[in-house]
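Let's take a walk through this structure, strands first, then cavities, then salt bridges. Have the model open and follow along.

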Amino acid sequence: MRKALILIMLLGLASMIYAQEKFTINGYVKDAQNGEELIGVTVLVQELRNGVISNPYGFYSITLEPGEYTISYSFIGYRTLTRKVVLDKDVVLNIELNEETTLLDEVVVTGESPEKNVVDIQMSVNEIDIRQVKKLPALFGEPDIIKTVQLLPGVISAGEGTSSFFVRGGSADQNLILIDEAPVYDPSHLFGLFSVFNSDIIKDSELYKGGIPSRFGGRLSSILDIRTRDGNNQEFEGDAGIGLLATGIALEGPLKKGSSSYIFSARRSYVDLFARAADNDNLVHFYDVNAKVNWRANNKNRFFLALYAGRDNFSFGDDFGFDWGNRTATFRWNHLFNDKLFSNTSLIASNFDYGLESRDPSQGFFWDSSIEEFSFKQDLNYFISPQFELDFGYHVTYRKFAPGNIRPTPESIFKGKDLAKEFALDHAIYVGAQHRISDKLTMTYGARLSIFQSIGEGKVFLYEDPQDNINPVRTDSLFFDSFESIKNYVNIEPRLAMRYILNPTSSVKLSYNRMVQNTHLISSGTVPVPFNTWAPSSYYLKPQKADQFAIGYFRNFDDNNYEFSVEAYYKTFNNVTDFADNAQIFFNEDIATEYRQGEAEAYGLEFLLKKNKGDLSGFVSYTWSKATRTVPGVNLSRTFDANHDRRHNFNAIATYDFNDKWTFGATFTYGTGKPTTIPSGSYQWGDGYIADIITDRNGYRLPAFHRLDLSATLRPRKNQGKKWETSWVFALYNAYSRKNPFALFTQVTQNRDGDIIGDGTQKEAKMIYLFPILPSITYNIKF
């Protein structure tokens, strides 16, 4: 025993001596012009052909043995910077990179290492560069990051004029959309014509479709992580734009040069202003505001406060009105405990609400619904060595669900009603490691422990048959005090990813992840609209789960000028939430009897080819996919195509820098028609009531969707002595005016005068189309 103890002590002492013989280089990588931290910069030790990338806050750390090293910092669009370092002690090395002006206009795909497509461990991840978004044609001239996301492989648009999207067989509510870590429950303006994300303030965005890191959770299908700019800490600057539908402005500058800055942006539509001038009582408008401040106290502490507020308002004279909106707030504290341990502490608040109002004197009411949440997150990055990095942390979220509250006007025939609120606590503990096993093989592995609590105050009804939604019979009820546990769910979510380099230009990657979702969208429609409500996992509603396997081949060509990838995925879902046929969703106190949960399956192939450099750049993507659902009590318990099932999707985008004044852009999209449910016949029942005969859910498909959009950007040469730059953006949406189907409905057959033909049992299908060719023009000024 004594010998064993001595041996252990000697080994411990040896490891301490060995550890003391290593030193650490760490710091932040920034843009030299505006002080913005750069995410994903490759920090390479040339002698070892090994290195790290800067984290989401621009921080990096490398631990090496003593010696002389050549460290290079590379980032597309910036000049590569090389530093010689004599490492005989710990070194703090903050780096500022300058833009490569001769290449800047050529780079339009992502700000990343040229070899990242091949060497990065991550697969099923797409980075969206806001510079590219701004060069592409946009509806009414408003650049929209969500519309670009809808063109990526594995992503399917919910339809023309919507901000909803589906990822790898998941529904739209299974996407977690974040702005500065805060969730956005409805990302749409004007029912989805535009998203709530103002392109003037976006810094970086990533879409995770698979191989999702363990720090993320809460949704089954994807994470769209959007981060806003911090603001120029060197000098004041601004942008402004005027379009056909909206105008916006962004201002930024230093509070204290080099250490603190602010940024503010605002956008508003002005259709209602013209309507008022024309004495039109039908008023529609939206607005959104972003604000952010940050302060670097020293090299070890930095603080951020980011705010967002946006709202849509519709008013139809003295008859009717409705509105909806999101509000978020994020406070972050970045702290460096030592040379290797980086911490991010976040306090987050998010609120989504909507309201409907009837102004009729005898039938007036106001109805509102909301979901709000408050979160605390503690995330840590431990840079142990260039071969091994560790991420771990704890998240907790409190949520309050208010499904509906109706308040009648004084003379209304309606009675007030307030549906029971629901409350939840959502805990998560996670750990993830990135392990470079050899020059060719790298792995990431980890797990997330999800602990969900449905809590009081609340009442739960017990039923004779919880699946009887026609005549539900209550047998008892249970009451729970404030914060008393109603139902607990504990789930482990393993994560794994591997990358094997075949040669300097190609690699193979694979991944597996399990995701758990405890918030459920209460909707029976195909496309989420602002008037849907949310509910937590509860006594009758189980957490949704998904397991996904993916494998891919990645290849670069022509000195990294072209990137190619093909990925295959297979995904299974458990406890997917659906609703009984003809379910009563709104103001139903027995809505638990309408819940139906079952299984789903999705699989597909995704192809992506990108051109990164040169005057002509862009990408082409193609996705073949299938998504089905099997839910007991829905569609006679038979398997049916999911609402978002599309067999073929093809997208192409391109930008061409004709010269230093003109840039041209184009997007083309094609998709198989979406499935829909329509009656196969009808019959007369009772006193003249015409009932539909439904045989299959989603048994029919709309015609295929395709559209071409074009744009041209004119940037006049900057005159000497002027401190501003201007540009004009001309765009054509739906250039060949394709009549793309948006929805299909049936109605009793009528003649041109609106008279019913025959006995009223004959019905005809009617197609709804949205936008023909739409030209737009936008004027921008940068000062």
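A quick word on terms before the strands: two of them count as paired if DSSP finds at least two bridges between them. Strands (E, at least two residues) and helices (H or I, at least four) are DSSP runs, numbered from the N terminus. What you have here is a predicted model, so local features need pLDDT of at least 70 and side-chain atom pairs count only at pLDDT 80 or more, while totals for chains, interfaces and linings use all residues. Residues are numbered from 1 along each chain as its sequence is written, and side-chain values use heavy atoms, with hydrogens and water left out.

Start at strand E24, residues 341-358. Strand E23 (residues 320-336) pairs with E24 in the antiparallel sense over 17 bridges, and a hairpin of four residues joins the two. Look for Leu336, whose bridge partner in E24 is Phe342. E24 also runs antiparallel to strand E25 (residues 365-385), with 18 bridges between them; here the hairpin has six residues. Thr345 stands opposite Gln378 in E25. E24 is mostly covered, with 15 of its 18 residues buried (buried is under 20% relative accessible area, exposed over 50%, partly exposed in between, using a 1.4 Å probe and protein chains only).

Now find the open sheet of five strands, in the order E9-E16-E17-E12-E13 and with mixed pairing. Its edge strands, E9 (125-127) and E13 (182-183), each pair on one side only. Three bridges join E9 to E16 (residues 202-208), and these two run antiparallel. Glu127 stands opposite Glu206 in E16.

On a 1 Å grid over the protein atoms alone, a cavity is a set of points where a 1.4 Å probe fits but cannot get out, and lining residues have an atom within 4 Å of a point. Volume is the space filled by probe spheres set on the points, which are joined across faces, edges and corners. The count comes to eight cavities of 30 Å³ or more. Of the 30 residues lining the second largest cavity, the closest to its centre are Asn117, Val125, Asn126, Leu608 and Lys610. Helix H3 (116-119), E9, strand E37 (562-579) and strand E38 (595-611) each give two or more residues to that lining.

The largest cavity holds about 640 Å³ of space. It is lined by 42 residues, and Gln150, Ser157, Thr669, Phe705 and Arg707 are the closest to its centre. E42 gives the most to this lining, with five residues.

Last come the salt bridges, each a side-chain nitrogen of Lys or Arg within 4 Å of a carboxyl oxygen of Asp or Glu. There are 38 of them. Glu36 and Lys203 meet in one (3.5 Å, N to O). This pair links distant parts of the chain, 167 residues apart: Glu36 is in the loop between E1 (23-31) and E2 (42-45), and Lys203 is in E16. Glu36 counts as buried at 5% relative accessibility, whereas Lys203 is partly exposed at 24%.

Which parts of the chain do Arg168 and Glu567 tie together? Their side chains meet in a salt bridge (2.9 Å, N to O). Arg168 lies in the loop between E11 (165-167) and E12 (175-179) and Glu567 in E37, so the pair ties together parts 399 residues apart in sequence. Arg168 is buried, with a relative accessible area of 1%, and Glu567 counts as buried at 7%.

Terms used: 1 Å grid on protein atoms, 1.4 Å probe; cavity = no way out; pocket = protein on both sides within 12 Å on 5 of 7 lines; lining within 4 Å.
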